[in-house]
Each structure stands twice: as C-alpha cells, then as structure tokens.
Amino acid sequence: MKHAANFLTAARMVLALVLLAAEPLSPAFLALYTAAGITDMLDGPVARGTGGASAFGARLDSAADLVFFTAAAIRLLPCLWPLLPPAVRLGTLAAAFLRGAVFTLCLLRLGCVPALHTCLNKLAGAGLFCLPYFIGGCLGWYAPVLCLLALLAAGKDLRLVCQGKSRAEECFQWRDFRWR
C-alpha cells in the first residue's frame, strides 16, 4: 500500500505513451487523457494518506508530468496550433522560450532539471490540462487567458532561478530514481 501512489504516477507515464497512438480528440484519446489527469490528481493525496510520500515519489511525479505534457503536446499541438490567434501563438512561443531559459539556467547552476511547484505553475498546468475540453466555442477566450497565465508562471520561474531562490531539492535527477 505504501507504493500505491508511485504506481498511480507510473500509470500516468504508461497512459501518456499509449496516448501517442490515439487519434487526437477522439473518444479514446480523451478517455486516456482524462485517466492520466485523474492519476495526477490522486497520486499526491494517496501518498500522504498511505504514508508513502517521499522525495522519490515527488520526483517521479515531476517526471510523469513531463512525459504526459510532452505526449499531449505532440498529439494536440498540430491540431490546436491553426485554431489559435496569432497573439496566442506568439505568447506560446515566448512562454516556451522562458521555460527553456529556466531549464538551461537550472542545468548550468544546479546540474538538474527544474520541477518548481509554484501556485502559478499548478494553475497553469491545470489550465493547460483542461485545454482540449475547451476546443469549440470557448477557445477564443480560454486560449489567451491560458497563454497569459503560462507566461506569468514561466516568468516567475525565471525570476526565482535568476535570484537563486530555486534549490536542488526542487529538481529531479535520474540518479534519484531508485525504488526504496
């Protein structure tokens, strides 16, 4: 029972990889996507409830988030990009550039990949997760708001890293992934 949360987190990685084979926005895609999101919502409370919370679990969660985000982006971006207004496309590229700067600075300064769990990052992640459900009539207002939120979150992360307020404990390194 102590490792239940880690199994939920690992399931998110598996679901993300299967997502790569699903037709974007199809019922199968949305079912896999939703199931992966549910594992993300449940793994933390399960870890705390079973006494299985650990540094390994936190880092595994960050890695699973990265795998899920990457798989979702690979499948969704080609069908979403043409629907976005030019300003949102530009904002998206700017947010990606800021994220790249944060990753690069953390790699250079701390030797690891950042996994900053700020409130803005959590809010932007939740908003990004909901994006496929807003395709249709609501995308016109939802995408610009989400883009602004992503820019703010990336900007805050860059400020934290530049001010030296991020620590190695907020990063994950592959050598940390050992079952204990």
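Arginine 99 and aspartate 157 meet through their side chains in a salt bridge, 2.5 Å from N to O (a side-chain nitrogen of Lys or Arg within 4 Å of a carboxyl oxygen of Asp or Glu). Arginine 99 lies in helix α4 (residues 86–110) and aspartate 157 in helix α6 (residues 139–162), so the pair ties together parts that are 58 residues apart in sequence. The model is predicted: local features need pLDDT of at least 70, side-chain atom pairs count only at pLDDT 80 or more, and totals for chains, interfaces and linings use all residues. Residues are numbered from 1 along each chain as its sequence is written, and side-chain values use heavy atoms, without hydrogens and water.

**Confidence**
- The protein has a mean pLDDT (the predictor's confidence in each residue, from 0 to 100) of 86, and 92% of its residues reach 70 or more.

**Salt bridges**
- The count of salt bridges is 5.
- Arginine 12 pairs with aspartate 61, their closest N and O atoms being 2.5 Å apart.
- Arginine 12 lies in helix α1 and aspartate 61 in helix α3 (residues 55–80), so this pair ties together parts that are 49 residues apart in sequence. Helices are DSSP runs of H or I with at least four residues, numbered from the N terminus.
- Arginine 12 also forms a salt bridge with aspartate 65, at 3.1 Å from N to O.

**Burial**
- Arginine 12 is buried at 0% relative accessibility (buried is under 20% relative accessible area, exposed over 50%, partly exposed in between, with a 1.4 Å probe and protein chains only).
- Aspartate 65 is partly exposed at 24%.
- Arginine 99 is partly exposed at 26%, whereas aspartate 157 is buried at 2%.

Definitions and conventions
Helices (H or I, at least four residues) and strands (E, at least two) are DSSP runs, numbered from the N terminus.
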